[in-house]
Amino acid sequence: MKPLTESRREERFEGGCPVQVSILGEAETKLAGQLSDFSAGGLRLLVERPVPEGAAVKVEFGETLLLGEVSYCRPAEGGYAVGLELEHSLACTEELVRLARELNNSR
């Protein structure tokens, strides 16, 4: 991962991987997207359509699940840039599912 040179409180890194974005609410909406860059407290996504500011969002890629709130949504090349303030993150989700099954089976 390559750090980006910006004057921010936290170091930001380039992303580049595909993600599945879910807008949470009454009717969950799913979008394909790409992780543009990220830091410890937030990330920037590129998606095909706008996402409302303030919306709760779930982002999934690999064995990682992130939850956050949309801080901005702006037109960008080929779609929209979405800034997400992270609330929670969970890595190694497949391992957690395996451990939960083992625990459940041992009862």
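In what order do the elements of the chain run from the N terminus on? They run β-β-β-β-β-β-β-β-α, which comes to one helix and eight strands. Helices (H or I, at least four residues) and strands (E, at least two) are DSSP runs, numbered from the N terminus.

Before you start clicking, two notes. This is a predicted model, where local features need pLDDT of at least 70 and side-chain atom pairs count only at pLDDT 80 or more, while totals for chains, interfaces and linings use all residues. Residues are numbered from 1 along each chain as its sequence is written, and side-chain values use heavy atoms, with hydrogens and water left out.

**Stop 1: the whole chain**

Show the surface first. The chain exposes about 7,100 Å², and carbon and sulfur atoms supply 49% of that area; accessible areas come from the Shrake-Rupley method with a 1.4 Å probe, and for residues only the protein chains shown count as cover. Of the 107 residues in the chain, 28% are buried. Buried means under 20% relative accessible area, exposed over 50%, and partly exposed in between (1.4 Å probe, protein chains only). Contact means heavy atoms within 4.5 Å. Among the chain's contacts with a separation of 6 or more, 42% are between residues 24 or more positions apart.

**Stop 2: the core**

Now select Leu-45 and Val-51. These residues have the most contacts inside the largest nonpolar core, which has 17 residues. The elements that give two or more residues to this core are β3, β4 (29-38), β5, β6, β7 (64-76) and β8 (79-90). A nonpolar core is a set of buried Ala, Val, Leu, Ile, Met, Phe, Trp, Tyr and Cys residues joined through side-chain atoms within 4.5 Å. In soluble globular proteins, nonpolar side chains tend to be buried together.

Keep Leu-45 selected and show what it touches. Not counting residues up to four places away in sequence, Leu-45 touches Val-19, Val-21, Gln-34, Leu-35, Ser-36, Val-59, Tyr-80, Ala-81 and Val-82.

**Stop 3: the paired strands**

Switch to cartoon view. Two strands pair if DSSP finds at least two bridges between them. Begin with β4 and β5, which run antiparallel and are joined by five bridges. A hairpin joins β4 to β5 through three residues, and Gly-33 has Val-47 in β5 as its bridge partner.

From β5, step across to β8: these two strands run antiparallel, with six bridges between them. Pick Leu-43 and you will find Leu-84 of β8 standing opposite.

Next, follow β8 to β7, an antiparallel pair joined by eleven bridges. Leu-65 has Leu-90 in β8 as its bridge partner. The hairpin of β7 and β8 has two residues between the strands, and Gly-78 takes a positive phi near 80° there.

Then move from β7 to β6. Six bridges join this antiparallel pair, with Gly-68 in β7 as the bridge partner of Val-57. Two residues lie between the strands of this hairpin too, and Gly-62 takes a positive phi near 55° in it.

**Stop 4: Ser-22**

Is Ser-22 buried or exposed? Ser-22 counts as buried because its relative accessibility is 0%. Select Ser-22 in strand β3 (residues 18-23). Leaving aside neighbours within four places in sequence, Ser-22 is in contact with Glu-28, Thr-29, Lys-30, Ala-56, Val-57, Lys-58 and Glu-60.

**Stop 5: the loop between β5 and β6**

Go to Gly-54, in the loop between β5 (42-47) and β6 (56-61). Gly-54 has a relative accessible area of 44%, so this residue is partly exposed. Its C-alpha atom is separated by 5.6 Å from that of Glu-69, 15 residues apart along the chain. Leaving aside neighbours within four places in sequence, Gly-54 is in contact with Glu-69 and Val-70.

Pro-50 lies in the loop between β5 and β6 as well. With a relative accessible area of 45%, Pro-50 is partly exposed. The C-alpha atoms of Pro-50 and Tyr-80 are 5.9 Å apart, across 30 residues of chain. Not counting residues up to four places away in sequence, Pro-50 touches Cys-73 and Tyr-80.

**Stop 6: a charge over a ring**

Finish at Arg-74, which lies over the face of Tyr-72, at 3.9 Å from the ring centre. A charge sits over a ring if NZ of Lys or CZ of Arg is within 6 Å of the ring centre and within 35 degrees of the ring normal.
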